[in-house]
Every structure is written in C-alpha cells, then in structure tokens.
Amino acid sequence: MTTIYLIRHAYAQGNLDRSFQGKIDGKLTELGYQQLDCLAEYCKGLPFDSVYTSPLSRAYETAAAANRHHKLPIQTDDGLLEIDGGDWEGKKWAALEKADPVRYGMWKQRDPEFQAPNGEKLSHVYDRMVRTVLHIVERNRNKTICIVSHGCAIVTFMAWANGLPPKRLNEMKICDNTAVNKLTFDDELHPSIVWQNDISHLDEDLRTYAMTLFQHKEEK
C-alpha cells in the first residue's frame with residue numbers, strides 16, 4: 001500500500017487580494033507563515049519517505065514546512081502547478097465578474113469547459129493532476145509521500161479520487177490553506193480516501209477558507 005498526504009499551500013497574497021493567482025508566483029502572507037508553523041508540527045510525526053511540490057514559491061515553502069523535521073530532498077513537478085489563468089492572471093475576482101460574467105459563472109460552477117482567455121481548460125487540469133499524482137505513486141510504491149499543490153488543482157484530483165467525472169467538479173469543496181488530504185493506493189493504483197480537508201492543526205483564526213467566503217459576501 002502507498003500513502004499520500006496531499007496538502008494545499010498556505011495563505012498567499014492572491015488569496016488575500018481576492019485575485020486570480022494561477023501560475024503567478026505569488027508570495028505567502030504573514031498569516032500563511034503562521035499556518036506553516038502549525039503544519040510543520042502536524043507533519044512532524046508523519047512517516048514521509050519523499051516530498052513533491054509544485055515549483056511555485058507558495059507551494060514550495062509549504063512543502064519545506066511539511067518537510068521541516070524530515071529534511072528530505074524536495075522534488076518539484078510542473079504537473080502539480082495550479083491552473084493557468086491566461087489573461088485572467090493577477091486580476092481581481094470582482095473585476096472579472098463584471099467584465100466577463102458568463103465565463104466567471106463557468107469558473108464559479110467549476111464547469112470543466114471553463115478556460116480563461118489564453119489559459120488552461122479546467123478539464124485539462126483534472127487529467128493533468130490525475131496523471132501526475134499517479135505517476136508519483138507509481139515511482140514510490142509502498143512508501144509514504146507528501147505532495148503539495150494548489151486549490152483548484154487539488155479539487156480536480158480529489159474529485160477523481162471520489163469517483164466523480166469532470167462534469168461533477170462542482171460537488172467538491174475547495175480545501176482550506178494547508179489542509180491535508182490522506183489517501184492510500186493499492187497495487188492497481190486504485191485510491192481510497194482516509195480523510196479530506198483536515199485542518200485540525202489550525203486554530204479558528206488561522207482557517208482562511210471561511211474568511212475568504214466572508215470577504216466575498218462583503219464585496220457583494
């Protein structure tokens with residue numbers, strides 16, 4: 001049996017600014033670094049054999065925190081990158097909603113046909129994440145792997161792990177910053193979910209998903 005701990009990066013500037021950060025290499029916030037200290041303690045007793053991450057700094061720094069007590073080599077993989085937002089990169093969500101309401105609605109509904117101008121189609125992220133994670137599992141059979149990625153990317157993979165096709169992505173909840181998902185894989189690489197979106201390591205004031213929802217309502 002192979003085990004993975006799939007972790008979302010800590011709270012980044014794009015999360016705070018309510019902007020599409022996609023492949024932009026946005027930095028972590030002060031609150032994000034507080035989350036990392038909690039994550040490092042959470043991961044301290046986990047038996048990691050290897051660590052993989054998206055190369056973007058917000059993910060890499062999160063992987064480094066998860067790896068703080070293990071001191072394993074950190075391997076980057078472009079297959080773990082966030083969705084490419086194309087022309088939407090760096091733009092505020094509120095502005096995008098006003099400028100392109102139809103496409104914005106597709107994004108909010110996680111329509112697999114969503115694609116920002118000159119960006120990546122959401123269904124492609126689904127296929128890419130499944131292919132990448134299974135390749136990592138294949139290379140690390142019977143080991144325990146830490147994998148760090150991004151909100152949209154993780155949603156697509158967890159949808160697949162839950163047996164959902166791309167057209168049912170809207171049934172999945174975006175996990176919180178530094179949330180941990182644990183899965184196991186048998187010899188045929190079939191996944192079993194042990195838990196999803198564990199944020200037990202975060203105090204209430206460090207749980208940023210609820211904060212983001214509140215901010216969005218305030219903007220309305």
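1. Apart from its neighbours within four places in sequence, H9 is in contact (heavy atoms within 4.5 Å) with N15, Q21, R58, A59, T62, V148, S149, H150, N177 and T178. H9 belongs to the loop that joins β1 (2-8) and α1 (13-17). The residue is buried, at a relative accessible area of 2%; buried denotes under 20%, exposed over 50% and partly exposed in between, with a 1.4 Å probe and protein chains only.

2. The model is predicted: local features need pLDDT of at least 70, side-chain atom pairs count only at pLDDT 80 or more, and totals for chains, interfaces and linings use all residues. Residues are numbered from 1 along each chain as its sequence is written, and side-chain values use heavy atoms, with hydrogens and water left out.

3. Eight helices and six strands form the secondary structure of the chain; these are DSSP runs numbered from the N terminus, helices being H or I of at least four residues and strands E of at least two. Their order along the sequence is β-α-α-β-α-β-α-α-α-β-α-β-β-α. The radius of gyration is 16 Å, close to the 17 Å given by the globule rule for 220 residues, so the chain is as compact as a globular protein of that length. This radius is taken over C-alpha atoms, and the rule is 2.2 Å times the number of residues to the power 0.38.

4. Of the 220 residues in the chain, 55% are buried. Among contacts between residues at least 6 apart in sequence, 71% join residues at least 24 apart.
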